[in-house]
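Hi everyone, thanks for making time.

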Amino acid sequence: MHPAFSVVFLTTLIGAGQGLFLALFTVESYAAFGLLSPQPDDFYALGSAIAFVLLVLGLIASFFHLGHPERAWRAAAKWRTSWLSREVIVLPAFMGLVCLYGCAHWLGLNPVFAQLPSGAPVNLTAVLGSLAWVLAFALYICTGMIYACLKFLREWHTPLTVINYILLGGASGFTLAAALAAAVAPEVMPLLAGWALIITFLGLIGRAATLIRNARLKPKSTLQTAIGVKHPKIMQKSMGLMGGSFNTREFFHGQSRSVLRSVKWLFLVAAFFVPMVLLAIGLSQAAGGVLLAAFVVQYLGLIAERWFFFAQANHPQNLYYQSVA
Amino acid sequence: MTQLALVIDLNVCVGCHACVTNCKEWNTSGSAGPLVDLNPYGKDPTGTFFNRVQTFEVGEFPHTETVHFPKSCLHCEEPPCVPVCPTGASYKRAEDGIVLVDYDKCIGCKYCSWACPYGARELDEHQRVMKKCTLCVDRIYDMRLTAEERRPACVRACPTSARLFGDIHDPESEVSKAIRENGGYQLMPEWGTQPANHYLPRRKTKLRIREDELERADNPLKIDQQLPKPGKAEPSLDDVTSW
């Protein structure tokens, strides 16, 4: 597939935004159950604002993918069958809840509705946060399933796709949350940096598992099934056009194998190894700058990862577009 | 239930691209707007087509065959492009099984083209919506045309009658018979898309004549030892006379 940067930015930005929110709510949950001392509202408000900005940027990027952005509202129609439609519904709902969650913290508006038997308060932010928590995971699943549900794009058609969207988004979000905590709420920095380290490591396992799986894939469709001629040796002589078409532009990444291999190692280093080292340094030295650097490197690495994710997928229609003359 | 479809005979197709040209002509002139070409006279001309003829070489020299392979939307009975469409712009008609795109609802997200294993859909670079073969839906129901003309443009154009059009759910239709009697098959059956369009395979036409069909072994004249005259070895009338 031809990696569209609109979708690369959409998925990486909202992934980080969701991860950042999940990190914030993790801290709030720890605090609610008395595992941490209560953190300043500024931390949550600022974090939610950053998450919201990431989500808005992702949403803006997605519009560049559309031929008719002014009709985007129509995309909510077919949520019964289309994962893309579900994502279109869940994303704004999640953004709204993150916004409310951040505002509730910012304004200090946090009435307690009830008390759990353990003594943990059920307050406004806990309710909003829980709902947003559910939607954050729903959004990861929608985003992942958009790709995983296409059964003949076999590089994507695996539960690992959804798992990786959760882990990679979560990793970048927690890394950003650790950098934010170093500045605003230093007490929770070790917790968040530790989780970021763990999730990044899990992400590495998930992504490596996908790479290994995809390297062993054998194509189900061949030229034989594509044109229905049962002969072991078939060669295309002409695709029926010479100047290129949508089929030659949309489904080929147009890069050499060596570029693809370079990008693979680049993202493995930039999205996983370097951030893990930087997170470990930041964790031991309590250095916010290092943690911020970890996030920047990891985010750039994830852009490369997403580019590779699209480029690696080999669409069966490419069988029909092998030769020009 | 009706399922309209094309049956394309690869044994007959000569790869002349008349179907491509006539398809483009008809569908670029329709009420749904043109099939736009970009740089038609420039360096990299490109444009939207519903139908393409591709060419494949099968086998190894000197035992090769050239297969001309027309490809357009197959109007699958289980179209994978339809459920993924977020707006409902992409739909399959219940009454005749034609898969269509509502150009007024399409947001141009290209997701349906990702979901089609055959590459049958093309984004129109000018109108920014997804386009594909309509089986000339604006033509086949137009009662102002004669019955002969109420067929898709590609079928009308084919000089060798390699393209048949009809209802594959009607067992007595021309297309059903062609599929049944000539080994009609579907493309990429492995994905369960159940394409409605079928292809008829290449086949060698050979005349097999046995010796005893040229000269009957049980010819009664042989029993009587009276062989037909003139004998088989003697020159025939054509050899000895000139008119």
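**A sheet in chain B, then helices in chain A**

Let's start in chain B, where strand β1, residues 4-9, is joined to β10(B) by 5 bridges, and the two run antiparallel. If you want a spot to look at, find B:Leu4, which sits opposite B:Asp167 in β10(B). And keep in mind as we go that this is a predicted model.

Okay, so what's the order of the strands in this sheet? It's an open sheet of 3 strands in chain B, going β10-β1-β11, and the pairing is mixed. β10 (163-167) and β11 (198-200) of chain B are at the edges with a single partner strand each, so each has one side with no neighbour in the sheet. On average, neighbouring strands here are turned by 25° against each other, if you ignore direction. There's a helix packed on this sheet too: α6 of chain B, residues 174-181, touches β1, β10 and β11 of chain B, and its direction makes about 115° with that of β10(B).

Now over to chain A. Helix α1 covers residues 5-32, so to speak: 28 residues, reaching 40 Å from first C-alpha to last, close to the 40 Å expected at 1.5 Å a residue. Is α1(A) mostly covered or mostly open? Mostly covered, with 23 of its 28 residues buried. Just past α1(A), look for A:Gly34, which has a positive phi of about 75°.

Last stop: α3 (residues 83-107) and α4 (residues 124-148) of chain A pack at about 155°, their axes 8 Å apart. That makes α3(A) roughly antiparallel to α4(A), and the crossing is left-handed.

Methods. Residues numbered from 1 in each chain as written. Chains lettered and ligands numbered in written order. Predicted model: local features only at pLDDT ≥ 70, side-chain atom pairs only at ≥ 80, totals over all residues. Heavy atoms only, no water. Helix = DSSP H or I, 4+ residues; strand = E, 2+ residues; numbered from the N terminus. Expected span 1.5 Å × (residues − 1). Buried < 20%, exposed > 50% of the residue type's maximum accessible area, 1.4 Å probe, protein only. Pairing = 2+ DSSP bridges. Axes fitted to C-alpha atoms, helices over the stretch in contact; angles between N-to-C directions. Contact = heavy atoms within 4.5 Å. Parallel < 35°, antiparallel > 145°, perpendicular 65-115°, else oblique. Left-handed = near helix turned anticlockwise from the far one by under 90°.
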